[in-house]
Amino acid sequence: MILYVIAVGLSVTMGLMGFINLAHGVFAMAGGFILSYGMQRFGIPFPLGLILAFVLVALASIVLERLLYSRLYAAGELAQVLFTIGLIFASIAIARLVYGTGTAPVFLPDYLTGQVHILGRDFPAYRVFLILFSSILIVSLWLGVERTRWGAMVRAAVDHRAMAQSVGINTKLLFLLTFALGSGLAGLGGALGADILPVHWGYPLEHLVYFLIVVSIGGLGSLRGPFIAALLIGIADTACKYWIPELGAFLVYAATIGILLWRPQGLFGIRV
Amino acid sequence: MSGYTVDPRIRWTEYLPWLIALAGFFLLPEYLALGARILIFILFALSLDLILGYGGIITLGHSAFFGLGAYTAGILSAKLGVTDNFVQMAAAAAAAALLGALTGAVILRTKALTLLMLTLAITAILLEVANKMSSLTGGADGLSGVVVDPILGLFRFDIFGKTAFLYCLVVLFLSWFVVRRIIYSPYGAMLTGIRENTARMHAIGAPVYWRLLVIYTISAMLAGIAGALLTQVNQFVGLNVLGFEVSGELLVMLILGGVGRLYGAFVGPAVYLVAQDYLAKQFPEYWYFGIGALLIVVVLFAPGGILGLMDKWLRPFKQKRSAKASAR
Amino acid sequence: MAAALQTETLCKSFGALTVAQNIDFRLEAGDRHALIGPNGAGKTTFVNMLTGVVRPSSGRILLGGEDVTHVKQEARVKRGLGRTFQITSLFRSLPVLDNVALAVAERRGTAHRVWKPASSHAEVRDESMELLATLGLPDDGLTRVADLPYGKQRLVEIAIALGLRPKVLLLDEPAAGVPSEESHRILGTLEKLPADIAILIIEHDMDLVFRFARRITVLVQGEVLVEGAPDEIAKDRRVHQVYLGEQQHG
């Protein structure tokens with residue numbers, strides 16, 4: 001589910017702006033670091049830390065977008081891939097310099113640890129919390145996109161950017177805000193998931209494949225897609241590790257290849 | 001550089017790389033190990049340029065073929081006792097080509113992001129396999145005990161690295177020759193067409209998928225050969241040959257030199273590895289940052305790489321020369 | 001005798017939007033046929049279906065009497081179907097000669113050769129140069145397409161299609177975007193096309209249409225409104241209404 005929170009921003013960014021942002025994991029990592037640092041150094045409570053993670057990362061992404069990303073919108077895929085890889089390299093170097101090689105510890109508040117008793121079985125409270133949170137997130141995102149004006153503009157711009165511009169939609173601002181939202185969500189996801197996906201300097205690279213898998217399978221530009229995809233991956237991964245530990249992550253990769261062969265645009269993507 | 005209007009004869013500037021290499025051999029004997037490494041990565045970069053610079057396929061998974069070639073050679077030697085260098089190399093080439101054909105068949109049906117992601121996934125799978133099958137691959141410790149017979153029964157791998165260097169040079173030369181022929185041939189022109197405007201290529205009846213598959217396989221094979229060279233020269237192979245860092249660094253090297261122009265693959269790795277040898281030792285923590293920043297700068301301001309910049313600086317001179325010629 | 005190109009009750013819908021309805025169309029060898037209609041009538045979609053870029057929802061397409069409805073684009077090209085694009089789709093950073101040579105090489109079956117240099121394939125080069133000459137571009141072989149004026153780029157579009165020696169040629173607005181002083185060159189080129197090719201041209205430039213076409217089909221909202229000789233069409237009231245009606249709205 002963490003994958004979802006992080007990846008949905010990527011799906012929208014890529015679907016909307018057509019920009020291949022491999023450095024998305026960097027935003028997630030930043031969020032995780034912010035939470036950890038905030039709680040450790042300043043003793044701020046968990047919820048505030050989450051909010052900070054979202055806001056600070058979103059702000060940072062705005063700066064990056066204005067300075068760097070926006071120059072490359074028309075530059076073609078290779079340039080975007082290279083640029084974001086460069087961003088990854090630079091970021092992980094900075095992370096290692098600033099934070100060292102350890103992971104950023106995140107101590108969950110007491111009310112989220114322990115077990116929760118549901119339907120006769122015990123579930124880790126935090127995981128339940130995550131699932132609830134992600135579900136609320138997807139519902140609010142869906143509402144936001146389907147019901148609000150902002151959402152309508154986003155959808156219009158995804159479908160046909162030039163058309164949207166000529167109708168008077170300020171696509172630059174729209175992109176900026178959506179990018180900020182997507183990146184902020186990544187930061188939030190990184191912070192939320194810090195307990196499960198430890199945050200350390202190699203984070204953006206380590207999980208890059210998974211983010212991309214979720215987005216590819218889910219389909220670019222869709223909101224439901226990554227949700228289903230993340231769900232499937234999470235289940236498959238856990239099931240695989242439980243039953244056939246030697247195979248490790250194979251099932252996920254194999255399933256990815258299989259699904260993409262069958263539906264190259266992803267489960268919910270727009271058929272080009 | 002490809003196409004029906006270019007002169008395929010070898011220009012005098014094309015002799016330079018080889019002259020420089022030979023000069024290095026005689027004048028800088030302490031650096032032969034680095035030199036061999038540069039040659040290997042030039043070959044690796046050439047293989048990537050074929051598919052990326054000419055075919056227009058963006059891949060981050062080329063290290064899969066490199067690593068497979070490296071491990072094939074290593075396993076053949078350390079585990080199966082096959083020590084003839086030609087056999088090791090041929091096996092590596094075959095294995096990499098096979099993987100290239102199989103994976104290419106799958107991923108070339110997809111585009112852009114999906115393709116990119118699949119290339120990453122494939123490399124990740126191979127890394128997992130190499131890690132898990134540690135009895136065969138040595139796992140995280142790597143595979144040592146790689147033995148290579150004297151080449152042609154005559155040239156032993158000496159501790160000064162002389163044999164290694166010349167061996168790599170010869171392999172590179174032969175590969176370069178093949179790649180150059182492909183680029184200047186109608187096939188190369190057609191690849192450029194695919195890169196420029198794939199839809200148009202479909203519309204003129206070109207079986208794009210199959211043509212790309214062929215070049216992808218060739219590219220994979222060359223990468224595998226480069227990997228085998230690395231193992232043979234170092235007599236060791238570790239998991240790092242399969243990592244994302246290798247693919248990423250290769251991409252940096254190629255961009256640095258200039259994509260889609262044969263000699264970018266020569267300039268890039270040379271500059272990168274020399275810089276790495278010097279700078280990474282001095283300031284290891286800042287190296288990755290430097291690479292990242294360099295990549296960003298290059299993409300934003302010099303997308304043609306070093307050779308692209310040279311083109312720009314030399315253009316006024318070229319124009320003057322042709323202006324003079326036409327004025328006569 | 002089988003028609004050069006024929007469709008039977010061709011239909012296409014994108015979801016709830018129907019862009020083609022029961023189109024019956026017939027093109028004989030040597031025909032000079034024009035397809036006209038207001039914007040959004042579905043003309044380009046029709047061409048895309050003919051060439052195989054878009055799959056029809058129902059109906060059949062026959063090329064030279066053979067059912068090609070499910071045949072891929074590349075295969076249809078090999079069977080003699082060529083097209084040009086409404087928005088120039090060329091190899092912009094390549095020289096003009098290469099643009100045409102790529103098509104010629106495909107047709108000749110030499111495009112996959114890897115050993116001899118491309119520039120030594122004299123037959124391909126010569127044929128490409130000839131083609132350029134017949135289109136009035138004899139000196140532009142070495143110029144990059146991106147450096148050519150737009151009117152000449154449209155001619156290169158046609159040259160590429162001709163390099164394939166098609167039996168049926170679909171021209172999607174060959175004069176689109178070309179300034180009116182230059183469009184006579186396009187017309188001149190079209191008039192000199194080999195007489196045995198069947199040509200279907202989509203155009204908005206009525207001057208060109210009425211001077212070039214021997215038969216005209218009018219497509220409105222995905223359906224064939226009327227088909228006939230130019231003078232019949234010019235007098236047809238419904239056609240006037242469609243175009244005048246459009247002017248009133250727009």
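These legends walk through several close-up views of a predicted model.

**View 1. Chain A at a glance.** Let's start with chain A, which holds 12 helices and 2 strands. Reading from the N terminus, the elements go α-α-α-α-β-β-α-α-α-α-α-α-α-α. The chain has 272 residues, and 47% of them count as buried. Take the contacts in chain A between residues at least 6 apart in sequence: 75% of these join residues at least 24 apart.

View 2. Now zoom in on A:Phe211, a residue of helix 10 (residues 208-218) of chain A. Is A:Phe211 buried or exposed? A:Phe211 is buried, because 26 other C-beta atoms lie within 10 Å, and 20 or more is enough to count as buried. Which residues does A:Phe211 touch, once its neighbours within four places in sequence are left aside? They are A:Ile6, A:Ala7, A:Leu10, A:His24 and A:Gly25. Look for A:Ser11 here as well: A:Ser11 and A:Phe211 are 200 residues apart in sequence, yet their C-alpha atoms are 9.3 Å apart in space.

**View 3. Where chain B meets chain A.** Here 32 residues of chain B are in contact with 38 residues of chain A. On the chain B side, helix 5 (112-132), helix 11 (244-257) and helix 13 (284-301) each supply at least two residues. Helix 5 of chain B gives the most, with 12 residues. Sorted by class, this side of chain B has 24 nonpolar, 4 polar and 4 charged residues.

**View 4. Helix 12 of chain B and its kink.** Helix 12 of chain B covers residues 264-282, so to speak a run of 19 residues. From its first C-alpha to its last, helix 12 reaches 27 Å, close to the 27 Å expected at 1.5 Å a residue. Where is the kink in helix 12 of chain B centred? The kink is centred on B:Gln276, and the bend there is about 35 degrees. The buried residues of this helix are B:Gly264, B:Ala265, B:Phe266, B:Val267, B:Gly268, B:Pro269, B:Ala270, B:Tyr272 and B:Leu273.

**View 5. Where chain C meets chain B.** This contact takes 35 residues from chain C and 29 residues from chain B. On the chain C side, the elements that give two or more residues are helix 2 (73-78), helix 3 (96-108) and helix 4 (122-134). Which of chain C's elements gives the most? Helix 3 of chain C does, with 7 residues. By class, the side of chain C that touches chain B has 19 nonpolar, 7 polar and 9 charged residues.

**View 6. The partners of strand 8 of chain C.** One partner is strand 3 (residues 32-36) of chain C, which runs parallel to strand 8 and is joined to it by 4 bridges. Within strand 8, C:Leu200 stands opposite C:His33. Strand 7 (residues 168-172) of chain C also runs parallel to strand 8, with 5 bridges joining the two. Here C:Leu171 has C:Ile201 as its bridge partner. To get from strand 7 to strand 8, the chain passes through helix 6 (residues 180-191) of chain C, and this β-α-β crossover is right-handed.

Technical notes. Residues numbered from 1 in each chain as written. Chains lettered and ligands numbered in written order. Predicted model: local features only at pLDDT ≥ 70, side-chain atom pairs only at ≥ 80, totals over all residues. Contact = placed C-beta atoms within 7 Å. Nonpolar A, V, L, I, M, F, W, Y, C, P; charged D, E, K, R; others polar. Pairing = 2+ DSSP bridges. Right-handed = clockwise from strand over helix to strand, strands pointing away. Buried ≥ 20, exposed ≤ 12 C-beta atoms within 10 Å, placed from the backbone. Expected span 1.5 Å × (residues − 1). Bend = angle between axes of the 7 residues up to and from the residue.
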